[in-house]
Amino acid sequence: MDNAVVVTHPHTHETAVHEEHHHVALPQHRHHFETEEQQREAGTFGMWLFLLTEIMFFGGLFFAYLLYRNWYYDAFVSASNQLNVTLGAINTVILIGSGFFMALGVWAAEVRKRSLLVLFLVLTTVLGFAFLGIKYVEYHEKWEKHHIPGEHFDISEFVNPPIDAKTGKASEKPLAPDMAQKTQVFFSLYFAMTGMHAVHMIIGIVLLFWLTWRAYYGEFSSGYVAPIENFGLYWHFVDIVWLFLFPLLYLINRHPLK
Amino acid sequence: MSTTSSTIINLPDQRTATLPKRNYLNNEHGLLSWLLTGDHKRIAILYLISITFFFFIGGVFAGLIRLELLTPQPDLMASDTYNKMFSMHGIVMIFLFLVPSVPATLGNFLIPIMLGTRDLAFPKINLLSWYLYLAGGTFTLAALIFGGVDTGWTFTTPLSTHYLNTNVVTAATAIFIAGFSSIFTGLNFIVTIHRMRAPGMTWFRMPLFVWAHYAASVLMVLGTPVLAITIVLVALERTIGIGVFDPTKGGDPLLFQHLFWFYSHPAVYIMILPGMGVISEIVSTFSRKRVFGYTAVAFSSVAIALFGFFVWAHHMFIMGVSNYSALVFSLLTMLVAVPSAIKIFNWAFTLQKGSITFETPMLYAFAFFGLFTIGGMTGVFLGALGMDIHLTETYFIVAHFHYVMVGGMLMAFLGGIHFWWPKMTGRMYPESFSKLSAVTSFIGFNLTFMPQFILGYLGMPRRYHAYPAEYQVLNVLSTAGATVLGVGFLLPLLYLTWSLRYGAIAGNNPWQATGLEWQIQSPPLTENFIETPIVDHEAYDYEWLAHKTQQEVTTVG
Amino acid sequence: MHISPVLWQFLVKWLHASALFPSEASTIAPYTDALYFFLLTITAVGMVIVGILVFGFSIRYRKERHPVAIQVEGSTLLEATWTIIPLALFLVVFVWGALLYFRIYNPPVNSMNIYVVGKQWMWKAEHPGGQHEINALHVPMGRPVQLTMISQDVFHSFSIPDFRVKREVIPGRYTTVWFEATTPGTYHIFCTQYCGTKHSEMIGEVTVLTPDDYQRWTQGSTSGMSLAQNGERLFASMGCNSCHSGNAAARGPNLAGVYGSKLQLANGSEVLVNEAYLRDAILNPSQHVTAGFAPIMPTYQGQVSEDGLIDLVEYIKGLQTNYRVQQTLTTSQSNQVAPTTPGMVKP
């Protein structure tokens with residue numbers, strides 16, 4: 001809205017030649033790009049490449065998960081049943097909602113509506129926080145149950161599952177002690193995978209603060225939407241990772257008790 | 001300086017040349033103008049300085065290792081110290097020197113110019129890469145100062161996770177951060193090559209240097225994150241005790257090997273491919289001939305990158321991988337050797353019917369041919385399943401690796417530095433000294449590492465602090481060679497620094513090369529080109545160059 | 001003429017003490033060396049070709065003799081030549097190498113078995129007859145010897161260069177290697193996988209003895225108890241026989257003659273019972289439940305050392321009848337401390 005933007009992006013390499021570019025309309029246009037179109041395309045392309053990197057990053061974890069799930073199937077089933085599906089499902093909905101607002105944010109930037117953009121970014125952030133809050137509750141529950149891998153890890157619940165008060169039967173198929181120890185591998189992967197995902201969420205939220213700040217000062221309301229778009233790609237990617245994590249960790253091993 | 005009749009430096013262009021008044025070096029002044037720069041050329045110089053620093057740190061470790069191995073007894077240092085020496089040597093040389101060496105310095109400097117653009121696509125990310133590199137370097141130095149790390153650069157679990165009490169996590173952090181530096185460099189290159197080429201610069205008009213960097217960048221972008229997550233898991237296992245690689249908790253240490261080598265094998269192609277790009281430029285320039293079979297050389301780079309991803313388990317042949325996977329990985333290893341052979345022959349045939357001169361960069365390229373051929377062929381030894389059993393984990397593999405990495409990559413790096421030095425600084429170095437250093441390092445190198453092949457076949461294991469007495473003679477030879485090699489590497493540091501001030505003015509195109517970078521002033525302007533060039537000729541088109549120089553009036557900014 | 005004494009000593013030492021080539025002391029060595037020399041030959045030929053091309057062209061087409069370059073585009077025929085010929089050579093190497101690999105890693109059926117346990121920083125060899133050796137290994141000449149190896153801590157690698165054999169020694173699983181020594185003498189054993197501070201002190205000597213000497217050595221150095229006897233004692237003291245009694249009503253499967261047989265597992269798969277299987281079944285019983293039995297066996301992870309496991313494995317391997325198992329049943333006391341196990345649950 002104001003001209004402060006120009007100050008934040010000075011042309012550091014002003015040359016006489018530069019004046020030839022009459023089509024330069026945006027203050028955010030970098031001199032080394034021939035056209036704005038090229039700049040925007042390069043940015044998006046770079047973001048996609050970065051997401052490819054991220055896929056490989058999580059790929060290592062998914063590979064480890066598939067391998068161990070195959071080896072220690074029973075342990076993975078029992079351990080997976082310890083996860084809180086309700087909270088996981090709520091988090092899934094929250095994250096999808098957050099992604100939805102992010103998409104609306106991109107739209108708001110494209111149609112140059114500053115206040116709407118700020119609103120949607122704030123909503124995205126709030127839902128991001130909500131996700132992390134619920135994740136904290138889940139982690140805390142694991143802490144209390146001694147399901148955090150390491151010294152305090154306790155397998156007794158898997159060897160001697162608590163008896164269900166109503167049915168009088170064990171709430172879970174008991175595991176032999178050697179198999180029960182393998183639940184630690186499941187929880188190792190659970191914490192590594194959801195932890196890495198949470199780290200990505202935290203980085204995203206920090207970026208969201210920064211973008212909201214810039215959006216508030218109208219930087220993205222004059223046709224310069226690349227940062228919002230590219231951040232949107234990142235945020236959706238983080239959503240999608242969760243959409244793989246949720247079924248793999250919470251759902252696919254779940255079975256009705258016999 | 002050098003005015004022997006055979007060098008091209010006598011061309012009229014050079015005698016009358018003056019340093020341009022305005023260039024990227026003097027465009028802005030002050031330390032901050034360097035530390036906050038977005039200019040790819042300045043970032044390249046920053047990289048060059050920091051990489052040289054770490055190269056000599058790693059070199060000191062190498063020197064101490066060789067000194068200790070002079071005698072069979074462990075007399076110079078304690079075993080722990082020795083283990084830290086080779087671990088730090090590996091970590092510094094691989095992650096802080098070899099991986100970024102050519103891409104981050106020469107690649108950074110040249111790729112935008114070769115493509116006819118003003119900068120890389122993301123100058124700020126480029127600067128960020130350098131800061132990440134520095135942060136990685138700082139963590140490495142911190143690990144060193146707080147007592148070193150003795151895992152070896154391979155971080156083998158469960159040794160690294162449960163049995164050592166050195167600064168493993170600090171070193172792991174260093175590698176994690178340096179990894180992201182390399183990811184961002186690769187990402188920047190790929191986007192630049194895809195989106196920023198000048199009008200007329202089609203894919204098959206790009207210099208082979210750019211092709212090689214493109215292939216290496218793909219490996220960086222896809223391989224490095226796997227290393228990153230592996231390192232994270234190692235650090236988590238060490239700090240809070242998760243059990244993904246811990247056999248006592250049901251984890252599999254071989255999974256670590258798979259994940260680690262999934263990056264670390266492609267990493268050797270990340271290291272060597274840019275070097276191959278340098279060699280293509282040098283050979284073409286000094287034989288004044290288009291690279292023989294341009295397309296084959298370009299595609300062989302891509303083929304190496306592609307196959308490079310599917311050979312990692314050849315590091316694990318004796319670790320009890322299944323027979324079938326051993327067969328498959330051995331076969332693929334044989335296939336990945338072919339593109340390298342193709343390149344060697346294409347370079348050799350580039351010389352045919354050329355008009356060859358023997359300046360310093362060409363001498364380094366010749367050294368590369370010899371050493372890389374040996375390094376590549378000994379790789380076939382190691383790829384052959386039954387042979388690998390006897391050779392792996394011995395000095396044979398040390399020698400093989402150094403033939404490829406030092407004999408190949410470092411020779412290419414030095415060749416490239418000597419080749420583009422006039423472009424980067426605007427000045428020539430003394431040819432007689434540089435030729436001396438090329439010859440010295442070639443001789444020193446062979447003396448250092450040739451005995452190690454024999455030692456390896458005799459069975460001397462790598463990473464041994466003390467060794468049986470009958471291996472001493474060969475070790476003495478190797479240490480003697482290392483001294484010569486050290487001199488060969490120190491010389492360039494001296495005369496190149498000297499040349500910054502006292503070197504002869506190079507002029508725009510001292511080698512009469514065809515690349516776009518040689519058609520602009522040396523050192524270049526900050527914006528590289530006064531106008532965006534329109535490319536209407538193939539790469540290495542010497543007829544176009546001859547035609548151009550006949551009627552061109554040199555413009556100097 | 002006078003040579004400096006230091007230099008003279010150096011040269012003499014080189015000739016006497018330094019080998020340039022390891023001795024061929026096993027049946028495999030000549031096969032490995034044959035491939036090695038083949039590879040050396042193609043490397044040399046390759047080097048000569050590249051050398052001739054580079055130096056030949058450099059002399060023929062140097063600027064003084066050939067001032068103007070003639071531009072050549074390339075040649076599909078030549079490209080094909082130097083693609084196909086190296087590829088063919090490399091494929092020959094691949095096949096040869098693979099054949100050698102299987103020769104080195106597939107032991108003959110009649111080989112004698114010795115166990116090797118690696119730990120920071122020593123090698124412990126355990127002969128079936130109860131002979132224990134540290135950083136040493138005595139083997140007979142002319143008889144295939146298989147080593148079944150495991151590590152107690154980190155990765156090690158067992159290497160005898162003069163035999164051209166090497167194998168990684170890994171925590172948590174058996175790996176094997178075999179050789180047949182051909183020449184009496186002593187040869188180096190190295191740990192070739194970096195394993196911590198004293199990696200370079202994890203060395204030993206393998207002594208190859210003539211069959212007679214070997215006979216003498218086995219008798220002179222036995223501790224009195226064979227591995228199987230140790231295993232039997234352990235078997236009884238841990239109360240294994242209370243379930244694995246061989247009775248028709250026993251809760252555990254009959255172990256007599258189980259080694260070498262094909263076993264049907266509860267999860268439907270069929271496995272060959274070898275050393276590795278027996279070890280795994282003791283440590284991770286619930287993943288190795290024999291068909292028709294309930295998964296009630298507790299794990300012995302952390303309760304039996306690798307040496308103890310070797311004793312047990314060796315005992316079960318040699319178990320032909322259940323006579324002694326049932327005899328000890330009445331006399332032994334079960335002092336087993338197993339973790340709390342759930343009641344029997346039918347799957």
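**Labels and their grounds**

Analyst: The model is a predicted one. In chain C, strand 6 and strand 7 form a hairpin with four residues between them; in the turn, C:R164 has a positive phi of about 60 degrees.

User: How do you know that strand 6 and strand 7 of chain C pair, and in which sense?

Analyst: Two strands count as paired if DSSP finds at least two bridges between them. Strand 6 (residues 156-160) and strand 7 of chain C have five bridges, in the antiparallel sense.

User: Why is strand 7 of chain C called largely enclosed?

Analyst: A residue is buried if 20 or more other C-beta atoms lie within 10 Å of its own. Five of the five residues of strand 7 (residues 165-169) of chain C are buried, so this strand is largely enclosed by the rest of the structure.

User: What makes strand 3 and strand 8 of chain C edge strands?

Analyst: Chain C has an open sheet of five strands in the order 3-2-1-5-8, with mixed pairing. Strand 3 (132-134) and strand 8 (175-179) of chain C each have a single partner strand, so one side of each is left without a neighbour in the sheet. Neighbouring strands of this sheet are turned by 25 degrees against each other on average, direction ignored.

User: How do you know that strand 1 and strand 5 of chain C pair, and what packs on the sheet?

Analyst: The cut-off is at least two bridges. Strand 1 (residues 112-119) and strand 5 (residues 145-151) of chain C pair in the parallel sense over seven bridges, and C:Y115 stands opposite C:T148 in strand 5 of chain C. Helix 7 (residues 306-318) of chain C packs on the sheet, touching strand 1, strand 2 (122-126) and strand 5 of chain C. The direction of helix 7 makes about 165 degrees with that of strand 1 of chain C.

User: What is the domain assignment of chain C, and how do you know that domain 1 touches domain 2?

Analyst: The assignment gives domain 1 (20-105), domain 2 (112-220) and domain 3 (227-331). The centres of domain 1 and domain 2 of chain C, taken over C-alpha atoms, are separated by 36 Å. Contact is judged residue by residue, with C-beta atoms within 7 Å. By that test, 10 residues of domain 1 of chain C are in contact with 14 residues of domain 2 of chain C. Helix 2 (29-60) and helix 3 (76-105) of chain C each supply at least two residues of the side of domain 1 that touches domain 2. That side of domain 1 of chain C has six nonpolar, four polar and no charged residues.

User: Which residues make up the side of chain B that touches chain C?

Analyst: In this interface, 75 residues of chain B are in contact with 73 residues of chain C. Helix 12 (residues 323-351) of chain B gives the largest share of the chain B side, 14 residues. By class, the chain B side divides into 47 nonpolar, 19 polar and nine charged residues.

User: What is the secondary structure of chain A?

Analyst: Chain A comes to nine helices and zero strands. Of its 258 residues, 39% count as buried.

User: What is the pLDDT of chain B?

Analyst: Chain B has a mean pLDDT of 91, and 96% of its residues reach 70 or more. Over residues 1-12 of chain B, however, the pLDDT is below 50.

How values were computed:
Residues numbered from 1 in each chain as written. Chains lettered and ligands numbered in written order. Predicted model: local features only at pLDDT ≥ 70, side-chain atom pairs only at ≥ 80, totals over all residues. Buried ≥ 20, exposed ≤ 12 C-beta atoms within 10 Å, placed from the backbone. Domains from an automatic or database assignment. Contact = placed C-beta atoms within 7 Å. Nonpolar A, V, L, I, M, F, W, Y, C, P; charged D, E, K, R; others polar. Axes fitted to C-alpha atoms, helices over the stretch in contact; angles between N-to-C directions. pLDDT = per-residue confidence, 0-100.
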